[in-house]
Amino acid sequence: MVFKLTAEQMLENLNTFNSYIEKYITGERKDKLKKFYESIQQTLIDSPASTKESHHNCFPGGYLDHVNRVIEMALVLDRVWDKFNQKKTYTLEELVFSCINHDLGKLGSNEEPFYIPNDSEWHVKNQGAHYKYNTKISHMRYSDRSLFALQQAGISMTENEYLTIKLHDGLYEEANKDYYITYSPDADIRCNLPYIVHQADLAATRIEKQNK
């Protein structure tokens with residue numbers, strides 16, 4: 001049985017998501033970000049966060065539910081890190097912008113969604129795979145597609161935001177190893193933001209898997 005959000009809950013999640021943009025994102029890119037997400041609003045509302053029940057938020061609206069949770073979690077973790085005297089090397093706008101867009105690649109391209117309903121009854125019944133990957137889209141890592149989508153939309157990023165979106169999966173992504181495991185202080189990640197957003201994403205995903 002797949003968890004379901006009501007239409008009211010999905011609308012509430014959309015309003016919450018838009019409120020984060022309104023509150024934390026500034027200048028010209030606020031307008032660009034709002035315009036971009038308005039252009040893919042139905043996909044944003046409907047998309048799951050994963051393909052299988054055994055993963056997290058595999059249901060319509062699961063993507064937006066997850067992103068909002070990551071933002072909220074990251075804002076809490078930011079205060080936790082401050083409590084322990086972190087060297088602050090980022091702004092709240094950078095934190096929220098990174099969280100808003102960390103999984104953007106999972107929404108696909110402007111033409112095609114990334115997740116589509118699975119037409120294989122066997123996979124649905126035996127693996128809980130209610131969705132499958134859309135093979136009409138070129139293969140990219142989620143983070144790479146997220147950055148590409150923002151670039152296509154003409155939405156600028158700071159270096160902190162770029163690295164955080166790219167590295168938010170931590171060492172679960174093999175390609176991130178060169179960033180997280182270094183042998184020279186000069187090569188260390190200089191901003192705490194990738195660590196905080198990774199922790200927020202990991203915690204949100206864990207809670208969603210437990211509460212499904």
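**View 1. Ring pairs join Phe114, Tyr115, Tyr133 and Tyr142 into a cluster.** Rings of Phe, Tyr and Trp (its six-membered ring) pair if their centres lie within 6.5 Å. The model is predicted: local features need pLDDT of at least 70, side-chain atom pairs count only at pLDDT 80 or more, and totals for chains, interfaces and linings use all residues. Residues are numbered from 1 along each chain as its sequence is written, and side-chain values use heavy atoms, with hydrogens and water left out. The charged end of Lys106 sits over the ring of Tyr142, 5.1 Å from its centre. Such a charge (NZ of Lys or CZ of Arg) is within 6 Å of the ring centre and within 35 degrees of the ring normal.

**View 2. Tyr180 and Tyr195 form an aromatic pair.** The whole structure holds eight aromatic pairs. This one is edge-to-face, 5.4 Å centre to centre with 85° between the planes; planes under 30 degrees apart count as stacked, over 60 as edge-to-face and the rest as tilted. Tyr180 lies in helix α9 and Tyr195 in helix α10, so the pair ties together parts 15 residues apart in sequence. Helices are DSSP runs (H or I, at least four residues), numbered from the N terminus. Tyr180 is buried at 16% relative accessible area. Tyr195 is partly exposed at 31%. Buried means under 20%, exposed over 50%, partly exposed in between (1.4 Å probe, protein chains only).

**View 3. Gly170 sits in the loop between α8 (159-167) and α9 (177-180).** Gly170 is buried, with a relative accessible area of 1%. Leaving out residues up to four places away in sequence, Gly170 touches Asn176, Tyr180 and His198. Contact means heavy atoms within 4.5 Å.

Conventions
Helix = DSSP H or I, 4+ residues; strand = E, 2+ residues; numbered from the N terminus.
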